[in-house]
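Could you keep the model open while you read, and follow the points below with it?

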Amino acid sequence: MSSRFSRLSVTALVVMVLGAVVVVYPYAYMVGSSIKTRKEFAEDKISLVPARYQISQRLLHARGEPSALDWPGSDWSVVRNYVDAIRYGEVDRYLANSFIYAVIITSVQLFFNVLAAYAFARMEFRGRDLLFTLLLCTMMIPPAVLLIPNFLVIRELGLVDSVSGVLLPSLAGAFGIFLLRQAFLNIPAELEHAARIDGCGSWGILMNVILPLSKPAIVTLGLFTFMGAWNMFEWPLVVLSNQDYYPLTVGLSLFRSETSADWPRVFAASVMGAAPLIVLFLVFRPQGLLPARRLAPSLGQDTEAPHRS
C-alpha cells in the first residue's frame, strides 16, 4: 500500500514539475532575451542565457579564439535594452497609464461590488433573487459582444478618446459581486445579530464585521481586478486614438511594430509590463491566503465559547 502511494506521489511530483517548467519557461525566455544584443538574439534564439555569459564562450575567449564576447555591443549593460525601451518606445508613459487605469478600476470596483454584494447577501427586499439571477446571466455574455454597444454608449456620452471612456464600462463587475456575496454568506449570522444588539447599523456591521472577516476574498478579488485592468487591450484599442492615453498593452503593440526586428528591446518592454503584476501577487498573496487559513479556527472558537461557559 505504501509503495503504491509512493509511486503516486512521485508521479504527481513529476507532473507538477513538468507543469511548472511549461509555465515558467516563457518568462525565463523573455527575461533572458531581454538582456541579449541584437546579434546574440539573431545567432541564438533558443537559449535562455546570452552567449556572452555562457561558459563555452568564456573558454573560447580565454584561449584567444573568436567568441560572443568579441561581438559588437557585447559590453552593453544588462539594462541597456530597458533604457532604450523607455527612451525610444516611451514605455514609461504607457506603464503610468496602465497603473492609473488599474488603480482606479480596482478601487471603484471594490467599492461598488462590496455594497452590492452586501445587499444581495444580508438585506431583504422584493426582487432580490431575480435581480441576482439576472446579474449572473450577464456573466455568460462574451466581453467581445459588448464592444460595439459600449462604444455606442460612450460615443453618445461624448467620452470617446478620453480616460473616462476607458474607465466607465469597467467600474463594476458581476463576477466581483458574486464572489463577495458568497464570502459574505459564509460569515455566521450570529455575529451580525450581536453587532445589532450592540447598536451597529447596516453600515457599521459592514465596516466592522463583514469586511474584516472577508479580507481574503477582497484581496483575491482586488488582485484579479487589477490584473484584468492591467491587461485590458481590446477596449482601449477601440475607444482611444490618442497615443498619450494608451495603456501598456496597446502601446507595446505599437512599440513592437515600430522597432520591427529589435526583439531584445521588445522583450525588455514586456518584462517591465509583467514585473508589476508579479510583484503585486508576491506582496498580497500572504494577506489573501494566510488569513483564510486562520479564519475557520477563529470562528470555531467564537461559536464554541458560549457552550463552554
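Here are my comments, point by point.

1. A word on the source to begin with: this is a predicted model, so please read the values below as computed from it.

2. Let's start inside. The largest nonpolar core has 36 residues, and Val 91, Val 166 and Trp 230 are the ones with the most contacts within it. Helix H15, residues 263–308, gives the most to this core, namely eight residues. A separate core of 22 residues lies apart from it, and its members include Phe 120, Ala 121, Leu 180 and Ala 195.

3. What is it in contact with, once its neighbours within four places in sequence are left aside? The list includes Leu 95, Ser 98, Phe 99 and Ala 102. Further along the sequence come Leu 248, Thr 249, Gly 273, Pro 276 and Leu 277.

4. The buried residues of H11 are Gly 204, Ile 205, Leu 206, Val 209 and Ile 210. As a reminder, an α-helix has 3.6 residues a turn, so residues three or four places apart point the same way. The cover over the buried residues of H11 includes helix H5 (91–122), helix H9 (174–185) and helix H10 (189–197).

5. The largest pocket has a volume of about 1,100 Å³. Its lining is made of 26 residues, and Gln 109, Pro 143, Pro 169, Ser 170 and Ala 172 lie nearest its centre. H5, H7, H9, helix H12 (215–231) and helix H13 (234–239) each give two or more residues to that lining. H12 gives the most, with five residues.

6. One backbone angle deserves a look. Most residues other than glycine have a negative phi. Asp 161, though not a glycine, has a positive phi of about 60°. This residue is found in the loop between helix H7 (147–156) and helix H8 (163–167). Is Asp 161 buried or partly exposed? Its relative accessibility is 24%, so Asp 161 counts as partly exposed.

7. Last, the cysteines. With a cut-off of 2.5 Å between sulfur atoms, the count of disulfides is zero. Cys 137 is partly exposed, at 39% relative accessible area. Cys 200 is also partly exposed, with a value of 26%.

Terms used:
Residues are numbered from 1 along each chain as its sequence is written. This is a predicted model: local features need pLDDT of at least 70, side-chain atom pairs count only at pLDDT 80 or more; totals for chains, interfaces and linings use all residues. Side-chain values use heavy atoms; hydrogens and water are left out. Buried means under 20% relative accessible area, exposed over 50%, partly exposed in between (1.4 Å probe, protein chains only). A nonpolar core is a set of buried Ala, Val, Leu, Ile, Met, Phe, Trp, Tyr and Cys residues joined through side-chain atoms within 4.5 Å. Helices (H or I, at least four residues) and strands (E, at least two) are DSSP runs, numbered from the N terminus. Contact means heavy atoms within 4.5 Å. On a 1 Å grid over the protein atoms alone, a cavity is a set of points where a 1.4 Å probe fits but cannot get out, and a pocket is an open set with protein on both sides within 12 Å along at least five of seven lines; lining residues have an atom within 4 Å of a point. Grid points are joined across faces, edges and corners, and a volume is the space filled by probe spheres set on the points.
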